[in-house]
Amino acid sequence: MNKKVNIALLVALSVVLTYCSSSKKDAEKAAEKKQELEEFIEEQFEYPIPTSFEVTKMLQDANASYDAAVTNDPASVDKYETEWQKALNLGVYGADLSFASTFDKKEESVAFLEASKKLIDELNISTAFNKSLASRIESNLENKDSLILIITESFYQTYNYLNQSGDEKTSLLVVSGSVIEGLYITSELIKASDYNADLMQVLAAQKDQVQKLTALMEKHADDANVNKVLPTLRFVGLFYDQLGESNEISQGQFEDVANSIAEMRSEIVG
């Protein structure tokens with residue numbers, strides 16, 4: 001996704017927030033927030049792919065249901081000790097937070113937020129925004145549009161901080177965790193739906209982000225931590241190459257790629 005599309009997404013969300021405001025004061029605050037986000041995106045590193053919110057929104061539009069069983073247990077956060085585990089699972093919990101908040105699961109959203117905040121602290125991603133992230137999310141749990149804006153900005157801030165710190169590989173591991181979790185959630189919901197065609201198309205729609213992420217990861221193919229996920233991303237990329245322009249997925253193709261995704265996700269979450 002290019003910078004203009006990122007800005008358009010945030011502007012659209014901000015406009016929704018503005019029209020939903022109950023007073024002139026609320027509308028003014030929403031307009032200020034829109035301007036802040038536009039300026040932030042212009043000034044910072046471009047987030048390389050669509051955020052996990054776009055995946056979970058597609059799932060919602062396809063009439064999927066929220067299923068806590070396909071998310072990573074927030075209590076598991078204490079067992080992640082290495083930097084690669086923390087980075088990948090920060091991405092996983094970010095996707096789970098998107099999933100829960102998209103489907104208005106407030107209690108689950110708070111739990112994923114707390115797990116994410118713990119990993120952010122342990123990875124020393126100490127931006128001013130992330131320091132206030134918990135309080136900002138908790139105070140906006142009743143307003144999904146504001147919540148989406150806040151969490152989306154957190155994705156950008158985290159990616160930007162790591163890149164400015166010269167830690168591109170860690171930033172890509174965070175993004176990888178988010179992408180793999182989005183693929184996993186989608187594939188598990190497909191299984192539960194008996195191969196629903198609309199959900200199959202949600203899986204097909206994640207082709208571009210997998211290809212873009214794989215290309216970025218290839219630049220660090222000699223890194224041991226990157227290679228914990230790169231082979232699986234390559235395999236998923238081959239799966240997408242086989243689909244052609246129709247994006248039609250056979251049951252056999254799905255089962256092959258779903259198994260690979262599940263294996264990789266299991267290695268990440270432990």
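Colleague: How much accessible surface does the protein have, and what share of it belongs to carbon and sulfur atoms?

Modeller: This is a predicted model, where local features need pLDDT of at least 70, side-chain atom pairs count only at pLDDT 80 or more, and totals for chains, interfaces and linings use all residues. Residues are numbered from 1 along each chain as its sequence is written, and side-chain values use heavy atoms, with hydrogens and water left out. Going by the Shrake-Rupley method with a 1.4 Å probe, where only the protein chains shown count as cover for residues, the surface is about 12,100 Å², and the carbon and sulfur share is 47%.

Colleague: Which element has the lowest mean pLDDT?

Modeller: pLDDT is the predictor's confidence in each residue, from 0 to 100, and the protein averages 81. Over residues 1–22 it stays under 50. Helix α10 (residues 197–204) has the highest mean among the elements, 96, while the lowest, 42, goes to helix α1 (residues 3–20).

Colleague: Are α9 and α11 roughly parallel or antiparallel?

Modeller: Helix α9 (residues 168–192) and helix α11 (residues 207–218) pack at about 150°, with axes 11 Å apart. Axes are lines fitted to C-alpha atoms over the stretch in contact, and angles run from 0 to 180 degrees between N-to-C directions. Under 35 degrees counts as roughly parallel, over 145 as roughly antiparallel, 65 to 115 as roughly perpendicular and the rest as oblique. So α9 and α11 are roughly antiparallel.

Methods. Helix = DSSP H or I, 4+ residues; strand = E, 2+ residues; numbered from the N terminus. Contact = heavy atoms within 4.5 Å.
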